[in-house]
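I opened a new structure today and kept notes as I went. Here is what I looked up, entry by entry.

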Amino acid sequence: MGLLTHEPAAVGADTVARVLGRIDAAASLRPAQVNGCPALILRLDGEIDTVMAVRVGNGLITGLYAVRNPEKLFHLQRETALSR
């Protein structure tokens, strides 16, 4: 998906907090790993709407990279069960 190859959608702790604070109460957020990066998967009505990769610096979230393109999110609709 190349989530970290473009400029972040939000930069700085205050801006990131404002973006996360505006998420609709009807949405669900789930932590995930996407392309090796910490991420949040936002679902509306059970369908993936947005994936936000998180940039971390000095232990703080310093940027969000948002992807909403359905073609890029399609493969995330399926969950793969992992076993040991």
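Predicted model: local features only at pLDDT ≥ 70, side-chain atom pairs only at ≥ 80, totals over all residues.

**Entry 1: the whole chain**

I began with contacts, meaning heavy atoms within 4.5 Å. Among those between residues at least 6 apart in sequence, 42% join residues at least 24 apart. Residues are numbered from 1 along each chain as its sequence is written, and side-chain values use heavy atoms, with hydrogens and water left out.

Next I looked up the elements, which are DSSP runs numbered from the N terminus: helices (H or I, at least four residues) and strands (E, at least two). I found two helices and five strands, in the order β-α-β-β-β-β-α from the N terminus on.

I then checked burial (buried is under 20% relative accessible area, exposed over 50%, partly exposed in between, with a 1.4 Å probe and protein chains only). The protein has 84 residues, and 30% of them count as buried.

**Entry 2: strands S4 and S5**

How many bridges join strand S4 to S5? I noted seven, and the two strands run antiparallel; strands pair if DSSP finds at least two bridges between them. S4 covers residues 47-57, and S5 covers residues 60-67. Gly57 has Leu60 in S5 as its bridge partner. The hairpin leaves two residues between the strands, and Asn58 takes a positive phi near 55° there.

I stopped at Tyr65, which sits in S5. It counts as buried because its relative accessibility is 8%. Its side chain makes a polar contact of 3.4 Å with the side chain of Arg55. For this term I used a pair of N or O atoms within 3.5 Å; within protein, one must be able to donate a hydrogen and the other to accept it, and residues adjacent in sequence count only if both atoms are side-chain atoms. Tyr65 and Ala39 are 26 residues apart in sequence, with their C-alpha atoms 8.9 Å apart in space.

A polar atom of the Arg43 side chain lies 3.0 Å from the backbone oxygen of Gly46.

Thr50 is in S4, and I put it down as buried because its relative accessibility is 8%. Leaving out residues up to four places away in sequence, I saw that Thr50 touches several others, including Leu40, Ala66 and Arg68. The side chains of Thr50 and Asp49 make a polar contact of 2.7 Å.

Which residue forms a salt bridge with Asp49? My note says Arg68, with the closest N and O atoms 2.9 Å apart. The pair links distant parts of the chain, 19 residues apart: Asp49 is in strand S4, and Arg68 is in the loop between S5 and helix H2 (70-73). A salt bridge here is a side-chain nitrogen of Lys or Arg within 4 Å of a carboxyl oxygen of Asp or Glu, and the structure holds one. Arg68 counts as exposed because its relative accessibility is 54%.

**Entry 3: the core**

Last, I looked for nonpolar cores (buried Ala, Val, Leu, Ile, Met, Phe, Trp, Tyr and Cys residues joined through side-chain atoms within 4.5 Å). The largest has eight residues, among them Val34, Ile41, Val51 and Leu76. S3 and S4 are the elements that give two or more residues to this core.
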